[in-house]
Amino acid sequence: MARTAPDAPRPTAAVVLDDAVRALAPDSAANRLVAQIEAGAAPRSVFATFALEQHQVIAADRLSFQHLARRADGDPPVADFFDLLAQGETRALKQLAGLADACELTERQIAAYQPRPGCQAYPSYAARLALGGEPADVAIALTANFAAWGGYCATVAAAMRDHYGFPEAARGFFALFAEPAPAVEEKAREAVQHGLDTGQAQPATAHRYGRLLQAYELMFWHSVAE
């Protein structure tokens, strides 16, 4: 009598997320502006442009995360993840004020600023995912992107201190994202595990989202440098 092969064990959220971070990691030399900042070779003006663009990005991403949380209302672990991300954007905006002050940006300048299309491609795609992407898949894609973003922020924070002489308050935005975020990591695992258990998460689709997020991430930095 032939034996039936046992079903292969389903991957855990930790495995799925680790695989996404590894598979979607950008090339170490891909971000030209961060490399220039690390060497102290970028003009100081890029920090003002960064701050101006991030005011737009943060506002848009917070709305996207809030919408994803509402869409996942019937899946509490997923909704909790996006609620936490939306709260994080509020904290990030407060930290960004220190950079804006150090760059001597006025409220009028911030309000009147005309954003660069390449810098706003990332939040525009995030909004598209908020409208139609499966929230659990978006959680996977974002986790991979956050790993790259956190590395960039750590590099920039150190260079701002070592090469540009920015005070601690000005570096706070980058330090916020450079530090480990165990609460976000835990909520991401819970959200993705729920997605896997319910059949909502499709890692292959999440990787497609993630590849575009990483590309738009690089586009943001390169557009800041223009």
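The model is predicted. UniProt, in an unreviewed entry, lists residues 33-223 as "domain: Thiaminase-2/PQQC". That span is 83% helix and 0% strand. Its end C-alpha atoms lie 9 Å apart.

**Nonpolar cores**

- In soluble globular proteins, nonpolar side chains tend to be buried together.
- Here, the largest nonpolar core has 39 residues.
- Those with the most contacts inside this core are Ile37, Phe47, Phe50, Leu99, Phe174 and Trp221.
- A second, separate core has 34 residues, including Phe65, Leu68, Ala130 and Tyr209.
- Leu99 touches Phe47, Phe50, Ala51, Met160, Phe166, Ala169, Ala170 and Phe174, leaving aside its neighbours within four places in sequence.

**Helix α8**

- Which residues of α8 are buried? They are Ala170, Arg171, Gly172, Phe173 and Phe174.
- These buried residues pack against α3, α4, α7 and α10.

- Asp137 sits in helix α7, which covers residues 135-162.
- Asp137 is buried but has no salt bridge.
- The nearest side chain of opposite charge belongs to Arg208, 7.5 Å away.
- Beyond four places in sequence, Asp137 touches Gln200, Ala201, Gln202, Pro203, Thr205, Ala206 and Tyr209.
- Phe146 is also found in helix α7.
- Phe146 is partly exposed, because its relative accessible area is 27%.
- Phe146 touches Phe65, Leu85 and Tyr122, not counting residues up to four places away in sequence.
- Phe146 and Leu213 are 67 residues apart along the chain, yet their C-alpha atoms are separated by 9.9 Å.

**Salt bridges**

- How many salt bridges does a search of the whole structure find? It finds three.
- Arg22 pairs with Asp19, with the closest N and O atoms 3.3 Å apart.
- Both Arg22 and Asp19 lie in helix α1 (residues 13-23), three residues apart, about one turn of the helix.
- Arg22 is exposed, at 57% relative accessibility. Asp19 is partly exposed, at 32%.
- Lys187 and Glu190 meet in another salt bridge, at 3.9 Å from N to O.
- Lys187 and Glu190 both lie in helix α9 (residues 182-198), again three residues apart.
- Lys187 is partly exposed at 27% relative accessibility, and Glu190 is partly exposed at 34%.
- An α-helix has 3.6 residues a turn, so residues three or four places apart point the same way.
- Arg161 forms a salt bridge with Asp162, with the closest N and O atoms 2.8 Å apart.
- Arg161 is partly exposed, at 47% relative accessibility.

**Cysteines**

- A disulfide is a covalent bond between the sulfur atoms of two cysteines.
- The count of disulfides here is zero.
- Cys103 is in no disulfide, and the nearest cysteine sulfur, that of Cys119, is 14 Å away.
- Cys153 is buried, with a relative accessible area of 0%.

- Glu104 has a positive phi of about 60°, although it is not a glycine.
- Glu104 is found in the loop between α4 and α5 (107-112).
- Glu104 counts as exposed, because its relative accessibility is 69%.

Notes. Residues numbered from 1 in each chain as written. Predicted model: local features only at pLDDT ≥ 70, side-chain atom pairs only at ≥ 80, totals over all residues. Heavy atoms only, no water. Helix = DSSP H or I, 4+ residues; strand = E, 2+ residues; numbered from the N terminus. Buried < 20%, exposed > 50% of the residue type's maximum accessible area, 1.4 Å probe, protein only. Lys, Arg positive; Asp, Glu negative; His and termini not counted. Salt bridge = Lys/Arg side-chain N within 4 Å of Asp/Glu carboxyl O. Contact = heavy atoms within 4.5 Å. Core = buried A, V, L, I, M, F, W, Y, C linked by side-chain atoms within 4.5 Å. UniProt positions renumbered as here; feature names shortened; annotations may be inferred. Disulfide = S-S within 2.5 Å.
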